[in-house]
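Subject: Handover of a structure and notes on it

Dear colleague,

Please find the structure below, followed by an account of what was found in it.

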Amino acid sequence: MCYAIPGKVVGIKEGIVTVDYFGEKKKARNEFYELNNGDYVYVQGGFIIQKISEREALPVLDSWKKLFFKLKEIDFRLAGGAGNKYRRANALRQKYHGNSCCIHGIIEFSNYCRSNCFYCGIRKDNSALARYRMEPAEIIKTASYAVNELGFKALVLQSGEDTWYDEKSLSHIVTEIRKKAPCLIILSLGEREEALYRRLYDDGARGALLRFETGRPDIYEKLRPGRILKDRLELIKKLKDKGYLVMTGFLIGLPGQSGGDILNDIKLTSSLDSDMFSFGPLIPHPATPLAGTAAPSVETVLEAIADARLDNPRAQILVNTSFETLDAAAIRNGLMAGANSLMINVTPEKYRKFYDIYPHRAGIDLAIKARIGHILSILHSIGRAPTDLGL
Ligand code: SAH
Ligand code: SF4
């Protein structure tokens, strides 16, 4: 199983490499490998994340060749330009991203958190929740399985704000994953120190997923006790300055939030020069202060996806799992409204139900391979190729 198409290096100029995919040329940054023309590589998020031999590349290319053009044709047929907002957004997605849909695996490695966000089920004060931490060796093993056995090329390492993992252990985890399971490593560790993020970049992490949650300082400060929005935004900017691909966004359906706030949050996500929009509906958790809040409507979330695409044609836009939890058809509908990215949970099954950010999370009961099969069948039905061809 493979979620990316290997490309052939056809040009190299000062760290920027031209990669050929069945005649289409794309640019990518090379920071990890010695490369020559004729080498085969995998690209994610604009970075060359793995070099493979011709012997490994050719059979994968062969299996992709027919499918690649067939899927493009289906997408082309389904994504006509004129019409309502969703169709316009989907046409823009096609214009700027073709039919590629990047798929990230996510490993939720600890549900300990020092924070007390009002919306979140793993907040510190939820004493009813059993807590777990994966040992560094187990995280590395899980990443190796996801990359080397399942074919993932991008992995999010996510946790509560858990300082049990210090700079040394996180550095070890990132270094070993780069070595044993070459992929785009995306950190989602919450508001940890800038120096820690700098160190992990130097160890090979290239993505950071950190939502600003809401652009309204009054709502932010009420829902994240002891934290201020300015600090979060500053950290996001510093991560971008360091070179991280930044994935940020917001929650839809927070108490006090209006339709205008959602549009402003989309603008804020764009103005942060976000490489990927990550936003989704609040799913109220019964063990949180927001237990009595209503989840937003499916239509509100779909509109936000379309508005985000219209505002920012070049960004990756994720259909996130909380939207799938709200709506069984979220993947298909979200991808048809302008989104072009998905996440698949690769956390070992025994831990998944304890990563209880919100209840009844979509897909947690399915074994990983069944979940992958389900998602691939949706992608194929709408002509999307589970891959990321780079910038
Ligand atoms: N601790 C890290 C990463 C884990 S939380 C952090 O906070 O950044 C990841 C995301 O889950 C948060 O950014 C938040 O937007 C989302 N989240 C938390 N509770 C949620 C809920 N009840 N419904 C939907 N999303 C939620
Ligand atoms: Fe902790 Fe993140 Fe949940 Fe806030 S949203 S309580 S920081 S895991």
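The residues of the shell around ligand 1 divide by class into 10 nonpolar, 6 polar and 3 charged. In this classification, Ala, Val, Leu, Ile, Met, Phe, Trp, Tyr, Cys and Pro count as nonpolar, Asp, Glu, Lys and Arg as charged, and the others, Gly among them, as polar.

Please note that this is a predicted model, in which local features need pLDDT of at least 70 and side-chain atom pairs count only at pLDDT 80 or more, while totals for chains, interfaces and linings use all residues. Residues are numbered from 1 along each chain as its sequence is written, chains are lettered from A and ligands numbered from 1 in the order in which they are written, and side-chain values use heavy atoms, with hydrogens and water left out.

The two ligands

Ligand 1 is surrounded by 19 residues, of which Tyr119, Ser159, Arg211, Glu213 and Ile283 are the closest. A residue is counted as near a molecule or strand if one of its heavy atoms lies within 4 Å of it. A polar side-chain atom of Arg211 is 2.7 Å from an oxygen atom of ligand 1. A polar backbone atom of Ile283 lies 2.9 Å from a nitrogen atom of ligand 1, and a backbone N or O atom of Ser159 is 3.1 Å from a nitrogen atom of the ligand. Taken alone, ligand 1 exposes 550 Å², and the protein buries 92% of that. Accessible areas come from the Shrake-Rupley method with a 1.4 Å probe; for residues, only the protein chains shown count as cover.

A polar contact is a pair of N or O atoms within 3.5 Å; within protein, one must be able to donate a hydrogen and the other to accept it, and residues adjacent in sequence count only if both atoms are side-chain atoms.

Around ligand 2 are Cys113, Ser115, Cys117, Tyr119, Cys120, Ile122, Arg123, Gly160 and Arg224. By class, the shell of ligand 2 has 5 nonpolar, 2 polar and 2 charged residues.

Where do the ligands sit? Ligand 1 is placed in the largest cavity, and ligand 2 also sits in the largest cavity. A cavity is a set of points, on a 1 Å grid over the protein atoms alone, where a 1.4 Å probe fits but cannot get out. A molecule sits in a cavity if more than half of its atoms lie within 2 Å of its grid points.

Positive phi angles

Glu14 has a phi near 45 degrees, a positive value in a residue other than glycine. Glu14 belongs to the loop between strand E1 (7-13) and strand E2 (16-21), and counts as exposed at 77% relative accessibility. Phe22, which is not a glycine either, has a positive phi of about 45 degrees. Phe22 is found in the loop between E2 and strand E3 (24-29) and is partly exposed, with a relative accessible area of 23%. Buried means under 20% relative accessible area, exposed over 50%, and partly exposed in between (1.4 Å probe, protein chains only). Helices (H or I, at least four residues) and strands (E, at least two) are DSSP runs, numbered from the N terminus.

Buried polar side chains

Asn340 lies in the loop between helix H11 (330-336) and strand E15 (341-345); its relative accessible area is 0%, and it is buried. Its side chain makes a polar contact of 3.3 Å with that of His97 and another of 3.3 Å with that of Arg309. Arg352, in helix H12 (residues 349-352), is buried with a relative accessible area of 2%. The side chain of Arg352 reaches the backbone oxygen of Leu366 at 2.9 Å.

Distances along the chain and in space

His285 is in the loop between strand E13 (280-281) and helix H9 (298-311) and counts as buried at 4% relative accessibility. Its C-alpha atom is separated by 5.8 Å from that of Gly121, 164 residues apart along the chain. Arg114, in the loop between strand E6 (100-110) and helix H3 (136-149), is partly exposed, with a relative accessible area of 36%. From C-alpha to C-alpha, Arg114 and Asp162 are 6.4 Å apart in space and 48 residues apart in sequence. Arg55, found in helix H1 (residues 54-78), is exposed at a relative accessible area of 71%. Arg55 and Ser110 are 55 residues apart in sequence and 38 Å apart in space, C-alpha to C-alpha.

Yours sincerely

Conventions: On a 1 Å grid over the protein atoms alone, a cavity is a set of points where a 1.4 Å probe fits but cannot get out, and a pocket is an open set with protein on both sides within 12 Å along at least five of seven lines; lining residues have an atom within 4 Å of a point.
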